[in-house]
Amino acid sequence: MRRALLTGTLPIGLIIGGLLALPLLSGAAPTPPAPKPPLAYTGYVPEVTETSATLKGGVNPRGTETSYSFQYGTSSAYGSQTPSSPAGTGTQEIKVSQALAGLTANTTYHYRLIAVSAAGTTLGQDRTFATKKIPLKIAITATHNPERFGDRFAVSGTVSGTDAANHWIVLQANPFPYLAGFRTVSVPEVTDATGNFSFPMDSLAENSQLRVATVDLPKALSPVITELVAVRVSFHARPVARHGYERLYGSVRPPEVGAFVAFQWLRRGHRPLNVGVALIRRASSSSSRFSRVLWI
């Protein structure tokens, strides 16, 4: 019986019991895969005020110790960065956030999230947000209070907040007994570059509530001030035919028809002594008069 001749190349081994025993191949352990840079996602900004914002995003460390921070500024060059914070070594995305303060109102900011690990640095998307406007506020004062009837006076003050400069405003009044409601009593005036204004007024005929209001948007009203009008009284005395008696008379502006004036005798070192009263009667549409003969 002929034996078949085997041809080809076989690994060297031992023939045991007619079987070919091949040696096991040996070599180095498999090389672990290189760590991957983290993932960074820049989120949107739902929380914004006039001077603050909360930046949000997501970080996946992908198994390597990772930290994150936010870059922000008024352009895509940023210029400011939050302190670095740890994101851990997980393999799932985690939510991260950072609060900002001291921002400028009514301003657009750029921001992005940065994730850093030993495997590399990943930059999140560039996004923007805008801080809110500062609401308008109006403060007012009057040059004198009370005002003497017929005297000129002024209501002045300051509009503060975003858009306070060059803002159109008007003066409004609600006369005594303060039931008619406010109506505009001036022509529109524009605030200066710093929000200041002044309304010169000829006079008030009666006590009035005053306020300043914006003409255009955004609407704003000042606090109400009550401006009192002090009556202007003229007073005269002249002798009459009856010995020892004097006629005391004068005028009151604005008219105070139906009211009374009281006469007092003033003596040095003594308390004022009331010596009589007189009824005020109408004299014209803008004044009233009184007259009384008294023993002096």
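Q: Which residue stands opposite glycine 57 in E8?
A: Valine 96 does. This is a predicted model, where local features need pLDDT of at least 70, side-chain atom pairs count only at pLDDT 80 or more, and totals for chains, interfaces and linings use all residues. Residues are numbered from 1 along each chain as its sequence is written, and side-chain values use heavy atoms, with hydrogens and water left out.

Q: How do E4 and E8 pair?
A: E4 and strand E8 (residues 94–100) pair in the antiparallel sense, over 7 bridges. Strands are DSSP runs of at least two residues, numbered from the N terminus. Two of them pair if DSSP finds at least two bridges between them.

Q: What holds paired strands together in general?
A: Strands of a sheet pair through backbone hydrogen bonds, either parallel or antiparallel.

Q: Why is E4 called largely enclosed?
A: Because 7 of the 8 residues of E4 (residues 53–60) are buried. Buried means under 20% relative accessible area, exposed over 50%, and partly exposed in between (1.4 Å probe, protein chains only).

Q: New topic. What is the strand order in the open sheet of 3 strands?
A: The order is E12-E14-E18, with antiparallel pairing. Strand E12 (137–142) and strand E18 (196–201) are the edge strands, and each pairs on one side only. The twist averages 20° from one strand to the next. That angle runs from 0 to 180 degrees between N-to-C directions, with axes fitted to C-alpha atoms.

Q: How many bridges join E12 and E14?
A: There are 6, with strand E14 covering residues 153–160. Lysine 137 stands opposite serine 160 in E14.

Q: How many aromatic pairs turn up in the whole structure?
A: The search finds 7. Rings of Phe, Tyr and Trp (its six-membered ring) pair if their centres lie within 6.5 Å; planes under 30 degrees apart count as stacked, over 60 as edge-to-face and the rest as tilted. Tyrosine 109 and phenylalanine 129 form a stacked pair, 5.5 Å centre to centre with 15° between the planes.

Q: Where do those two sit?
A: Tyrosine 109 is in strand E9 (residues 108–117) and phenylalanine 129 in strand E11 (residues 127–130), 20 residues apart.

Q: Buried or exposed?
A: Both tyrosine 109 and phenylalanine 129 are buried.

Q: And which residues form the aromatic cluster?
A: Tyr109, Tyr111 and Phe129.

Note on methods:
Helix = DSSP H or I, 4+ residues; strand = E, 2+ residues; numbered from the N terminus.
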